[in-house]
Amino acid sequence: MSANEAIENTVQPANAIESQPDPERYDPAAIESAWQQRWSADTALYASDPATSGKPKYYVLEMLPYPSGQLHMGHVRNYSIGDALARFKWMQGCNVLHPMGWDAFGLPAENAALKNNTPPRQWTLQNIAAMKRQMQRLGFAYDWSREVTTCLPDYYRWNQWFFLRMHERGLVYRKQSRVNWCRECATVLANEQVVNGCCWRHEETLVEQRNLEQWFLRITAYAQELLDGLDSLDGWPEKVRTMQRNWIGRSEGTEIDFALDAPGTALDRAPIRVFTTRVDTIFGATSVQLSPEHPLVARLAEANPALAEGVRTLIDQQKKAREAGELGAIEKHGVPTGFFAQNPFSGERVPVWIGNYILADYGTGAIMSVPGHDERDYEFASKYGLEIRRVIAPENPEQGSEAALPFVSESGRLVSSGEYTGLTCAEAQKRLQQVAEAGGFGQATITWRLKDWGVSRQRYWGTPIPMVHCDQHGIVPVPDEQLPVLLPDQIEITQQGGSPLSRVPEFLQTPCPRCGGPARRETDTMDTFVDSSWYFYRYTDAVNSAAPFDPAIARYWFPIDQYIGGVEHAILHLIYSRFWTRVMRDLGLIANSEPAERLFTQGMVIKDGAKMSKSRGNVVSPDEMVARYGADSTRMYALFAAPPDRDLDWQEDGVAGISRFLARVYRLLARLTPIATSVPASSGPGELTGTAQQLLRKLHQTIAKITQDFSGRWHFNTSIAAIMELVNAITAAEADLDSVAPVVIRELARSLVLLLGPFAPYLAAELWHRLGETTPLLRAPWPVSDPTLAREDEMEIPVQVNGKLRSLVRVPADSSRESMEAAALADPKIQDWLAGKTPAKVISVPGKFVNLVVK
């Protein structure tokens with residue numbers, strides 16, 4: 001069923017007073033314009049209270065956007081989720097922090113400068129102004145006094161400050177490295193920014209490999225803590241935690257030295273250190289294999305042109321596979337070196353090969369090949385005729401002693417392994433590691449898939465790296481008192497020939513901070529993920545000019561209570577921000593180790609079968625929807641059309657349907673308001689008629705459901721559907737409202753508006769005002785469900801015969817087991833099914849079901 005069909009199914013019954021002329025026409029443009037002006041004038045409306053307020057704090061945050069110029073419905077969905085939650089928490093009496101800012105550095109600004117001859121700063125700030133207007137028009141409840149714009153010096157000076165603090169702690173270093181290069185971006189990409197071999201921004205551009213001097217942040221120093229910390233993040237989706245575990249990629253194993261057998265050369269007895277996770281299989285090693293880029297390979301090939309040519313071929317194969325994102329599935333090729341290496345345990349000489357599937361940056365860049373117990377090694381050995389032998393036998397008798405090779409299970413015992421024969425795999429691994437460490441030819445070790453974060457970018461529009469190159473003193477940090485190192489405003493951007501900053505003499509040339517002599521500024525800028533790694537801390541103290549933020553203020557607000565964003569950020573932003581949080585903790589700035597207690601990843605907005613995005617040309621502008629149907633309808637549809645964790649299939653007729661529903665609410669309240677405002681709030685309801693009882697029951701059931709949805713699964717689609725059902729129930733009872741006390745009508749009207757508040761804030765504010773309320777709706781207490789009023793007088797009980805549903809019977813809500821069973825047996829449909837037979841057994845659960853067993 002489409003969203004529009006669901007809305008149309010809420011049409012009012014025939015006896016409703018809908019056929020009478022409308023008292024007023026619902027005009028969302030007029031209502032929303034008036035309230036937007038009023039809200040904009042009240043700068044304290046969305047401000048948080050001091051930490052001393054005594055209210056429970058609630059920090060709700062949606063991931064900040066890149067200011068591309070226009071919001072699309074994917075943005076609206078994300079922000080509508082967070083805004084509904086923030087409004088609910090305000091109404092629950094929480095001290096809410098709900099800020100917004102701009103991830104404002106990045107490549108598109110430079111592209112726009114090339115295309116439109118517009119300076120990146122000007123283009124970015126224009127876009128920010130436009131998107132901010134859109135957000136305000138949509139009625140999002142952001143505290144704009146805390147706005148953060150990452151491309152402004154008052155923010156990026158603290159990027160530089162953090163960089164210097166990390167440098168002092170040994171967490172920043174520079175080295176020559178093979179890096180990922182995107183031709184379109186004309187810059188380096190971090191490993192996490194390569195998706196299926198392509199650039200994360202340019203999804204069809206293959207990433208190349210280049211060697212460059214780069215700055216790195218030593219994120220691997222926190223690898224174990226980042227991995228362990230995932231176990232404490234119970235409020236994060238398991239999918240995200242699994243993605244991070246896999247990316248961090250902890251491998252426990254052993255490093256072992258095989259001695260190169262090269263008599264008569266300087267390399268004779270040179271150790272080849274291999275990494276293996278299965279040292280228990282070392283007696284099955286039938287070759288040693290090196291990565292084509294292993295440091296030893298060039299020396300082995302010095303006097304062997306044929307080998308050198310073969311190595312170049314392997315490097316080219318590996319490069320192409322890496323760029324295509326197919327490194328794990330590369331077709332295996334190798335070349336023999338003609339040399340041998342000695343197994344330190346068995347003394348056996350095994351051939352040394354070079355394989356294109358061995359990676360220089362995994363482990364040591366060298367492996368012992370055990371084809372009998374490793375699938376990749378088995379494939380390689382089978383192709384090149386290398387020996388395959390068994391050294392592990394299954395421990396499970398059902399597998400037999402000759403299970404097919406490769407046998408990769410670790411549930412087995414060693415065979416043909418000298419003095420270690422008979423040990424279990426686990427026992428052998430421990431014993432062999434001990435012997436290797438005692439003999440000085442190996443050690444237990446841990447390797448990680450996670451690599452240090454390369455943050456150098458050969459771009460203009462980013463944070464300048466605060467380092468100076470002096471011929472006399474080498475690389476010198478910029479002193480704190482000289483921060484920020486400012487980007488020059490006027491610059492020619494060509495995306496060719498390295499960083500544009502290298503062609504700006506007034507930026508490049510600077511005195512050395514140490515000796516005062518001539519020096520050159522670093523011309524690389526920082527990866528823009530630096531900006532988004534800590535911005536949520538700056539929100540807590542956004543105008544502090546003396547520090548990134550006041551630690552006492554940050555400690556009050558952190559961790560974030562609810563963080564909301566797309567699952568596409570699971571690896572990039574979320575790992576980097578967890579790393580940055582730990583660095584700040586170790587600097588003494590904060591007390592928490594994780595940035596957010598709970599994380600919610602919303603589904604995508606789909607149009608024409610694909611994710612809504614500018615690159616696909618299927619973007620729907622919220623401005624168009626707001627102009628046609630109003631902001632309330634636009635954002636309410638984004639919450640109603642699908643559960644927030646699932647993809648939403650965009651249908652404009654669904655927005656139109658929501659608009660019609662809100663018009664019904666408007667007209668209904670226009671009819672109820674004169675009655676609701678005719679009595680003081682302190683009036684008692686008196687004796688409740690049947691209609692009053694039914695309406696109050698429906699109201700309090702709706703309050704309970706929506707409160708539970710906000711507190712648990714966030715199925716706002718069913719919350720909105722519950723409001724629709726409540727509106728239907730009130731509308732259907734209008735013919736009998738004379739029997740309902742005005743104070744009950746007042747409760748119905750007030751509560752309906754309060755429940756609507758998080759989803760349609762403009763209309764709710766207008767209706768709240770018309771009910772004579774003077775307290776801002778945002779600060780009005782959320783309604784509380786009364787279990788007594790919500791309880792049904794009757795309930796419908798399913799009746800089964802031999803486990804199959806045969807009828808439904810209505811019984812009093814407090815019926816005993818005996819009463820339920822009697823009602824089931826008396827039901828005409830059940831009597832037909834029994835056909836005069838007496839049930840052999842009756843199974844029932846009060847309030848749940850009755851099952852009759854008939855033989």
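These legends walk you through close-up views of a predicted model. Residues are numbered from 1 along each chain as its sequence is written, and side-chain values use heavy atoms, with hydrogens and water left out. Because the model is predicted, local features need pLDDT of at least 70 and side-chain atom pairs count only at pLDDT 80 or more, while totals for chains, interfaces and linings use all residues.

**View 1. The second largest pocket.** Welcome to an open space with a volume of about 320 Å³. On a 1 Å grid over the protein atoms alone, a pocket is an open set of points with protein on both sides within 12 Å along at least five of seven lines, whereas a cavity is a set of points where a 1.4 Å probe fits but cannot get out; lining residues have an atom within 4 Å of a point. Grid points are joined across faces, edges and corners, and a volume is the space filled by probe spheres set on the points. Of the 19 residues lining this pocket, W35, W39, A765, P776 and L777 are the closest to its centre. Two or more lining residues come from each of α2 (28–41), α3 (73–91) and α23 (761–770), and α23 gives the largest share, four residues. Helices (H or I, at least four residues) and strands (E, at least two) are DSSP runs, numbered from the N terminus. The lining has eleven nonpolar, four polar and four charged residues. Here Ala, Val, Leu, Ile, Met, Phe, Trp, Tyr, Cys and Pro count as nonpolar, Asp, Glu, Lys and Arg as charged, and the others, Gly among them, as polar.

**View 2. The largest cavity.** Elements that give two or more residues are α4 (107–116), β6 (187–189) and β25 (525–526); β6 gives the most, three residues. By class, the lining has seven nonpolar, six polar and five charged residues.

View 3. Look for S369 in strand β15 (residues 366–369). S369 is buried, with a relative accessible area of 1%; buried means under 20%, exposed over 50% and partly exposed in between, with a 1.4 Å probe and protein chains only. Leaving out residues up to four places away in sequence, S369 touches G284, A285, T286, S287, Q289 and D377, where contact means heavy atoms within 4.5 Å. S369 and A285 are 84 residues apart along the chain, yet their C-alpha atoms are separated by 5.3 Å.

**View 4. Helix α18 meets helix α21.** The axes of α18 (residues 631–640) and α21 (residues 716–732) come within 7 Å and cross at roughly 115°. Axes are lines fitted to C-alpha atoms, for helices over the stretch in contact, and angles run from 0 to 180 degrees between N-to-C directions. From α18, M636, L639 and F640 meet F716, N717, I720, A721 and M724 of α21. This contact has seven nonpolar, one polar and no charged residues.

**View 5. A four-stranded open sheet.** The strands follow the order β22-β21-β24-β23, with antiparallel pairing; two strands pair if DSSP finds at least two bridges between them. At the edges stand β22 (474–477) and β23 (509–511), each with a single partner strand, so one side of each has no neighbour in the sheet. From one strand to the next, the twist averages 40°. Strands β21 (residues 467–470) and β24 (residues 518–521) pair over three bridges, and H469 stands opposite R520 in β24.
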